[in-house]
Amino acid sequence: SYAYNAPHAWDEGWAFYAGSAQAVGSTSTSDLAYELAEKRCSDYTTCGAAGDEDSSARPSLVNRNLLYLYNLGLEQLIAAECDSATITKNYIVSQMTIPLIQRTLKYVYKSDPAAGASSDDSSTNEKSTSEAWAFAAALLPLLNACDSTAAGTLYDNTNMGLGTSGAVPDGYAAVKAAIEGQY
């Protein structure tokens with residue numbers, strides 16, 4: 001039972017991360033976390049291998065790392081190396097957090113009137129503020145486990161906290177420093 005169940009569940013973990021949609025040309029139709037990493041890698045220059053002329057044609061560094069880690073963990077489970085597979089799982093969680101951080105930072109920046117927010121288009125600002133809130137909500141438990149003050153800074157600056165006024169009241173730089181201080 002174990003010989004089948006553990007590797008099967010591990011494979012399902014990759015499937016839930018990557019999704020089942022196939023890429024059409026260089027465009028993926030997936031909406032799961034794999035695609036999230038692909039969309040943000042160009043913002044953070046983490047697409048493709050270092051020095052590639054056309055890095056957009058290659059998976060993000062996060063997704064390449066995750067594929068390696070999932071394959072490693074599968075081998076560890078098949079060999080009944082449970083302690084090693086647990087360590088690999090922890091690395092997987094760390095890698096999966098990167099796109100959440102990237103997305104949160106991007107939309108906090110775009111929400112901050114002093115940074116990247118456009119004064120011309122309120123619908124764009126509302127979308128950015130909503131995106132910042134959504135990704136911050138996913139990141140907050142992980143950030144809080146590291147430092148509750150850093151989590152509070154993110155919470156208050158994504159208009160999730162009561163009593164905050166305006167978008168990103170402490171500014172993008174404060175939010176970025178709070179998050180990056182926990183790496």
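Is Y109 buried, partly exposed or exposed? Keep that in mind as we walk through this predicted model; we will come to the residue at the second stop.

**First stop: W14 and Y70.** Select these two side chains and look at their rings. They form an edge-to-face aromatic pair, with 5.1 Å from centre to centre and 65 degrees between the planes. W14 sits in helix α1 (residues 2-18) and Y70 in helix α3 (residues 61-78), so the contact ties together parts that are 56 residues apart in sequence. Y70 is buried, at 10% relative accessible area.

**Second stop: Y109 and Y172.** Now select this pair, which is edge-to-face as well: the centres are 5.1 Å apart and the planes make an angle of 80 degrees. Y109 belongs to helix α4 (residues 82-111) and Y172 to helix α7 (residues 172-180), so parts 63 residues apart in sequence are tied together here. And the opening question? Y109 is partly exposed, with a relative accessibility of 38%, while Y172 is buried at 17%.

The model has 6 aromatic pairs in total.

**Last stop: helix α6.** Select residues 148-157 and colour A150, A151, T153, L154 and N157, the buried residues of this helix. They span an arc of only 155 degrees around the axis, so they share the same side of α6. Turn to the other side to find S148 and T149, which are exposed. Finish just after the helix at N159, where phi is positive, about 55 degrees.

Methods: Residues are numbered from 1 along each chain as its sequence is written. This is a predicted model: local features need pLDDT of at least 70, side-chain atom pairs count only at pLDDT 80 or more; totals for chains, interfaces and linings use all residues. Side-chain values use heavy atoms; hydrogens and water are left out. Rings of Phe, Tyr and Trp (its six-membered ring) pair if their centres lie within 6.5 Å; planes under 30 degrees apart count as stacked, over 60 as edge-to-face and the rest as tilted. Helices (H or I, at least four residues) and strands (E, at least two) are DSSP runs, numbered from the N terminus. Buried means under 20% relative accessible area, exposed over 50%, partly exposed in between (1.4 Å probe, protein chains only). The arc is that of the directions from the helix axis to the C-beta atoms.
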